[in-house]
Amino acid sequence: MKITVETTVDAPLADVWHAWNNPDDIVKWNAASDDWHTTRAATDLRVGGVLSSRMEAKDGSMGFDFAGTYTQIETQRLIEYELDDGRTVRVEFAPTDKGVTVCETFDAESTHSEEQQRAGWQAILDRFANHVTSLDRSRTSQNAG
């Protein structure tokens, strides 16, 4: 089963693309809730390159690694990758009059319900949008001064 989540980010496409693929940004937005965080992230953004991150509960009670290999990249438009467990993920970036719509479609796993997976991935995507718009606002206010 495939699950799709999406959000619209009120920022330029170049900023959205950069924040999605930059490890320094990824560790700031890649968590489904405030009691989790990403302790490290790495990207080698090319077909055959590897992406990885480590997510942990802030209380240290649990954590997991998330890793895969890029299978298709169209700069500022599309990223596809295969996770180490064989599931696939497709991320599309589409400019609109309201910003950039980021649409993420992934193969469900069997441990959690569809609702749990959808809610978790959507929460991460929403945190991503908030992170990017806060970056964009801080740049705008710095440029105004």
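**View 1. How many helices and strands does the secondary structure of the chain come to?** In this predicted model, where local features need pLDDT of at least 70, side-chain atom pairs count only at pLDDT 80 or more, while totals for chains, interfaces and linings use all residues. Residues are numbered from 1 along each chain as its sequence is written, and side-chain values use heavy atoms, with hydrogens and water left out. The chain has three helices and seven strands (DSSP runs numbered from the N terminus, H or I of at least four residues for helices and E of at least two for strands), and from the N terminus their order is β-α-α-β-β-β-β-β-β-α. The radius of gyration, taken over C-alpha atoms, is 15 Å, close to the 15 Å that the globule rule gives for 145 residues, so the chain is as compact as a globular protein of that length; the rule is 2.2 Å times the number of residues to the power 0.38.

**View 2. The largest nonpolar core has 35 residues.** Such a core is a set of buried Ala, Val, Leu, Ile, Met, Phe, Trp, Tyr and Cys residues joined through side-chain atoms within 4.5 Å, where buried means under 20% relative accessible area, exposed over 50% and partly exposed in between (1.4 Å probe, protein chains only). Val16, Trp20, Tyr81, Phe93, Val102 and Phe128 have the most contacts inside the core, to which helix H3 (residues 114–144) gives the most, with six residues.

**View 3. Phe93 and Gln76 are in contact.** Leaving aside neighbours within four places in sequence, Phe93 has contacts (heavy atoms within 4.5 Å) with residues including Leu13, Val16, Trp17, Trp20, Val100 and Val102. Gln76 itself lies in the loop between S4 and S5 and has a positive phi of about 60 degrees, although it is not a glycine. At 29% relative accessibility, Gln76 counts as partly exposed.

**View 4. The largest pocket holds about 950 Å³ of space.** On a 1 Å grid over the protein atoms alone, a pocket is an open set of points where a 1.4 Å probe fits, with protein on both sides within 12 Å along at least five of seven lines, and lining residues have an atom within 4 Å of a point; the volume is the space filled by probe spheres set on the points, which are joined across faces, edges and corners. Of the 35 lining residues, Met55, Phe64, Phe66, Trp121 and Ile124 are the closest to the centre of the pocket. Among the elements that give two or more residues to the lining are helix H1 (13–21), strand S3 (50–57), strand S4 (63–74) and H3.
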